[in-house]
Amino acid sequence: MFNVVTFPHVRATRPEPFADTFADFYARLRHTERTEKGGALYSCVKYADGATRGNAGVTEISALVADLDGKQIASSNLHIYHHVAYTTWSHRPDDPHWHVVVPFAQAVPV
């Protein structure tokens, strides 16, 4: 199973279900331009019941999420993998910043 939780803002500590398939995750991503850094956060993990944000409550990981600062991905071999890639708030043409999400075939227990 593919698990994604969200936190509505940076100070939120309670994970909320966001998606349970990669297709649903992809479909729910929305481009939003902001004047300041911030907004909702997500994590491709499953938390134990009642757990709050942080590594201690994570029971499974569903995807590799890479934060590529200063790297272009156009010349990568990502096309051979099921993935989603998008630029972050910090992205500029002369200073690229990407997030790349590659789902695992099955969740990996911590």
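**Exercise 1.** Work out whether Pro93 is buried or exposed.

*Solution.* Start with the cut-offs: buried means under 20% relative accessible area, exposed over 50%, and partly exposed in between (1.4 Å probe, protein chains only). Pro93 has a relative accessible area of 76%, so Pro93 is exposed.

A quick word on the model: it is predicted, so local features need pLDDT of at least 70 and side-chain atom pairs count only at pLDDT 80 or more, while totals for chains, interfaces and linings use all residues. Residues are numbered from 1 along each chain as its sequence is written, and side-chain values use heavy atoms, leaving out hydrogens and water.

**Exercise 2.** Find how far apart the C-alpha atoms of Pro93 and Gly70 are.

*Solution.* Along the chain, the two are 23 residues apart.

**Exercise 3.** Give the strand order of the open sheet of three strands.

*Solution.* Remember that two strands pair if DSSP finds at least two bridges between them. The order is S2-S1-S3, with antiparallel pairing. Strand S2 (16–19) and strand S3 (41–43) are the edges, each pairing on one side only. Now zoom in: three bridges join strand S1 (residues 4–7) to S3, and Phe7 stands opposite Leu41 in S3.

**Exercise 4.** Classify Ile61 by its relative accessibility.

*Solution.* Ile61 lies in strand S5. Its relative accessibility is 31%, so Ile61 counts as partly exposed.

Methods. Helices (H or I, at least four residues) and strands (E, at least two) are DSSP runs, numbered from the N terminus.
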